Amino acid sequence: MSNGGANADVIVVGSGPAGLSSAISAAKNGLRIAVLDEYPRAGGRLLGQLHQEPNGKWWNGIEEARRLEDTAREAGVSVRTGVSVTGLERTGDEGWTLWTNAGLFQAKRLLLATGAAESAVPVPGWTLPGVMSIGAAQVMTNVQRVKVGSRGVVIGMNVLAMAIVSELRLAGIDLEAIVLPPGSPVSGHSSDPGRVFGALLKVAHLAHPLFRRGASLIRHPLLQRMALAAYPKGGMRIWGTPLQLRRAALEIVGNDCVEGVRTAAIRTDGSVIAGTEQFIEADFVCIAGGLYPLAELAAVAGCPFRYVPQLGGHIPLHDESMRTPLSRLYVAGNITGVESAKVAMAQGFVAGLAMAFDENGDKPASLAAELELAIARVKQVRREALIQFHPDIEQCRVEFYLSQA
């Protein structure tokens, strides 16, 4: 293997919370680890995160990423950024070979912690300068310290959008409205007011206290339908921004750049009400389409997949120890299903222990016990997660793993 990776027992692709955590736990158990990431900085999606937790403490993703990278390097991990993996294949029974822009890399074991990407929701006018994904706005604001604009509109309502809207408001960025995307085969349930309303009730703890109190009283489906029918036409303000569940974007308007968004009122079934069009002035638009597992490298490796919509889409088969059906191939983090950074970190710790256990011919009982405790820790972190991308994530995980037993 070229370019300084010859001594690695494990190559980890992805330096986000899962990748760095796996590298740390594996290195502390005697394995030589190389972490590769195409981004110039280690940390993955941690870098854009900034929010206050229920206990009052602030979760600063940049600081967390720095802590993980420092801990990994202190444990002897080689962390290489700016390295793009373009291909990979199994090297007989000996391990894996990776093609990158920095040359060939080989290792006995391979962990894919490639994370997730944002789904695109096409809206007429979405190619205008000033239109971006909600995640891009998060990175520009929290990482690059670049103000994305003065007056914005967010199209799409999901867990990711709600979390990032609060971060944009903290940065002093004005948001004129949060509206639904136009109904289409691509937007699916994201343009259905009833579906979106039910999902938002599950993340009410992230919003304004008034919204939280109201959400706690609306649990029965009949009450939810009644509440949606009575939802204020002007929306309910969350972090000072109108959350307009009964209004959808029809078109992003502008000549050389974004000038505003044309919207219309919609019925509870999502259909547009004629004669209700309004124009919202804005100089930037964020589209929130949600996240899906970034699993192309697992597909190239030949790993089997299963489609699980509650986890974000197609995910590589794996067990609770993060082992895949392919020999010496492991996965961790959002490639296994979209969840919070803390769950990804816990999964990474499990994967690192699993690789150390598999590498150790003596199979020490202490390491096996530590692995079992780490698996239990993932479940606990999942239950306690502030941000959950699907309300039935625990049951979905149980069913997914049982189906492979």
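Tutor: What follows is a short talk through a predicted model, moving from the sheets to single residues.

Student: Let's begin with the parallel sheet; what is its strand order?

Tutor: Five strands make up an open sheet, in the order β5-β2-β1-β9-β22, and their pairing is parallel. The strands at its edges are β5 (78–81) and β22 (329–331), each of which pairs on one side only. On average, neighbouring strands in this sheet are turned by 20° against each other, with direction ignored.

Student: How many bridges join β1 to β9?

Tutor: Strand β1 (residues 10–13) and strand β9 (residues 109–112) run parallel and are joined by four bridges. Within that pairing, Val13 stands opposite Leu112 in β9.

Student: And which strands form the antiparallel sheet?

Tutor: That open sheet has three strands in the order β6-β7-β8, with antiparallel pairing. Its edge strands are β6 (85–90) and β8 (103–107), and each of these pairs on one side only. From one strand to the next, the twist averages 20°.

Student: What can you tell me about the link between β6 and β7?

Tutor: The two strands form a hairpin with five residues between them, and Gly92 in the turn has a positive phi of about 55°. Strand β7 covers residues 96–100 and runs antiparallel to β6, with five bridges joining them. Two of the facing positions can be named: Arg90 has Trp96 as its bridge partner in β7, and Gly87 has Trp99 as its bridge partner in β7.

Student: How does β7 connect onward to β8?

Tutor: A hairpin through two residues joins β7 to β8, and the two strands pair in the antiparallel sense over five bridges. In that pairing, the bridge partner of Thr97 is Gln106 in β8.

Student: How many residues of β7 are buried?

Tutor: Four of the five residues in β7 are buried, so the strand is mostly covered, under a cut-off of 20% relative accessible area for a buried residue.

Student: What about β12, and what does it pair with?

Tutor: Strand β12 (residues 151–155) is also mostly covered, with four of its five residues buried. It pairs in the parallel sense with strand β13 (residues 174–180), over five bridges. Gly152 stands opposite Leu175 in β13.

Student: Changing topic, how many aromatic pairs are there?

Tutor: The structure holds one aromatic pair. The ring centres of Phe400 and Tyr401 lie 5.4 Å apart and the ring planes stand at 75°, so this pair is edge-to-face.

Student: Why is 75° enough to call it edge-to-face?

Tutor: Planes over 60 degrees apart count as edge-to-face, and the planes of Phe400 and Tyr401 are at 75°, so the pair falls in that class.

Student: Are those two residues buried or exposed?

Tutor: Phe400 and Tyr401 are both buried.

Student: Now the cavities: how many reach 30 Å³ or more?

Tutor: The count comes to three cavities of 30 Å³ or more, and the largest cavity holds about 70 Å³ of space.

Student: Which residues line the largest cavity?

Tutor: The lining consists of Glu320, Met322, Val350, Ile375, Val378, Lys379, Arg382 and Tyr401, and Tyr401 is also a member of the edge-to-face pair with Phe400. By residue class, the lining of the largest cavity divides into five nonpolar, no polar and three charged residues. Helix α10 (residues 365–384) gives the most to this lining, with four residues.

Student: Where does Ala356 sit?

Tutor: Ala356 is in helix α9 (residues 341–359), and its relative accessible area is 3%, so it counts as buried.

Student: How accessible is each of them?

Tutor: Arg145 has 62% relative accessibility and so counts as exposed, whereas Arg328, at 25% relative accessibility, counts as partly exposed.

Methods: Residues numbered from 1 in each chain as written. Predicted model: local features only at pLDDT ≥ 70, side-chain atom pairs only at ≥ 80, totals over all residues. Heavy atoms only, no water. Phe/Tyr/Trp six-rings, centres within 6.5 Å; stacked < 30°, edge-to-face > 60°. Buried < 20%, exposed > 50% of the residue type's maximum accessible area, 1.4 Å probe, protein only. 1 Å grid on protein atoms, 1.4 Å probe; cavity = no way out; pocket = protein on both sides within 12 Å on 5 of 7 lines; lining within 4 Å. Points joined across faces, edges and corners; volume = space filled by probe spheres on them. Nonpolar A, V, L, I, M, F, W, Y, C, P; charged D, E, K, R; others polar. Pairing = 2+ DSSP bridges. Axes fitted to C-alpha atoms, helices over the stretch in contact; angles between N-to-C directions.
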